[in-house]
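Open the model in your viewer and keep the selection panel within reach. We will go from one stop to the next, with a note on what to select and what is there.

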Amino acid sequence: LLLVERNQPQFDRLENLYIDHNSIVTLKLSTSHTLKNLTLSHNDWECNSLRALFRTLTQPAVDDADQHCKIDYHLEHGLCCKESDKPYLDRLLQYIAMTSVVEKQRKKEPCSAINAIHSVQSLVHFIKQQGDVPLQGNEQLEAEVNELRAEVQKLANEQIQQQQLLERLQAEIDTNLRRYHLPKDELARPSDSLNKLFTHLKERH
């Protein structure tokens with residue numbers, strides 16, 4: 001994920017720039033650039049940024065084009081781009097989701113509530129560690145990261161509520177085991193203990 005916005009002095013001195021097949025979201029060039037050959041295909045363009053870029057380019061300078069776009073992307077000036085109000089946050093969340101799925105498949109682990117909770121805990125820990133680090137030079141990026149922090153805090157609060165509910169349910173199961181004089185297996189899962197209760201109640205009737 002690349003925001004190429006501070007390279008104008010270097011790019012202005014170039015005649016050839018080949019940046020296809022990357023993950024570039026935004027690119028800024030000055031109107032005084034001297035580029036004669038430029039490749040831009042197979043990137044992750046944000047549409048508004050791409051339109052702004054082409055206002056500083058002459059069409060013959062662009063030497064390549066995309067042929068087919070992914071879902072949610074469309075062709076703009078011959079290149080695939082995605083409309084987004086928050087391009088960095090949008091792609092960051094997409095990357096996190098994709099990475100989580102790939103990691104689960106690599107480890108051959110099923111997705112579960114416990115795995116989701118652990119993922120949220122890791123993200124909360126990372127955000128807290130980064131909380132005092134100022135973001136420089138990109139107000140939109142800073143706003144999106146702040147929004148991500150708020151979403152992470154919301155997920156953390158929901159996790160606490162779910163954990164408290166789980167503890168109350170487990171306590172209720174233990175209470176009913178004692179009530180019906182059923183032995184508790186300390187190694188058994190709460191769902192197994194609950195099934196034991198249901199079986200006992202069915203047998204009583």
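The structure holds six salt bridges, a salt bridge being a side-chain nitrogen of Lys or Arg within 4 Å of a carboxyl oxygen of Asp or Glu. Before selecting them, note that this is a predicted model, in which local features need pLDDT of at least 70 and side-chain atom pairs count only at pLDDT 80 or more, while totals for chains, interfaces and linings use all residues. Residues are numbered from 1 along each chain as its sequence is written, and side-chain values use heavy atoms, with hydrogens and water left out.

**Stop 1: salt bridges**

Select Lys 36 and Glu 15, whose side chains meet in a salt bridge (4.0 Å, N to O). This pair links distant parts of the chain, 21 residues apart: Lys 36 is in the loop between S3 and S4, and Glu 15 in the loop between helix H1 (8-11) and S2. Helices (H or I, at least four residues) and strands (E, at least two) are DSSP runs, numbered from the N terminus. Lys 36 is exposed, with a relative accessible area of 52%, and Glu 15 is partly exposed at 42%. Here buried means under 20% relative accessible area, exposed over 50%, and partly exposed in between (1.4 Å probe, protein chains only).

Next, pick Arg 51 and Glu 76, where the closest N and O atoms of the salt bridge are 3.1 Å apart. Arg 51 sits in helix H2 and Glu 76 in strand S6, 25 residues apart. Glu 76 is buried, with a relative accessible area of 17%, whereas Arg 51 is partly exposed at 23%.

Then show Asp 90 with Lys 82, a salt bridge of 2.9 Å, N to O. Lys 82 counts as buried at 11% relative accessibility, and Asp 90 as partly exposed at 25%.

**Stop 2: the core**

Which residues have the most contacts inside the largest nonpolar core? Select Leu 27, Leu 29, Leu 38, Leu 40, Trp 45 and Leu 53, from a core of 19 residues. A nonpolar core is a set of buried Ala, Val, Leu, Ile, Met, Phe, Trp, Tyr and Cys residues joined through side-chain atoms within 4.5 Å. Strand S3 (24-27), helix H2 (47-54) and strand S7 (79-82) each supply at least two of its residues, and the largest share, four residues, comes from H2. Apart from this core lies another, of five residues, including Ile 173 and Leu 177.

**Stop 3: two histidines**

Now select His 21 in the loop between strand S2 (16-18) and S3. His 21 has a positive phi, near 60 degrees, and is exposed at 53% relative accessibility. Move on to His 77, in the loop between strand S6 (74-76) and S7. Its phi is also positive, about 55 degrees, and His 77 is partly exposed at 41%. Most residues other than glycine have a negative phi.

**Last stop: colour by confidence**

Colour by pLDDT, the predictor's confidence in each residue, from 0 to 100. The mean for the protein is 78, and 77% of its residues reach 70 or more. Where is confidence lowest, and where is it highest? Helix H4 (residues 113-130) is lowest at a mean of 57, and S7 highest at 95.
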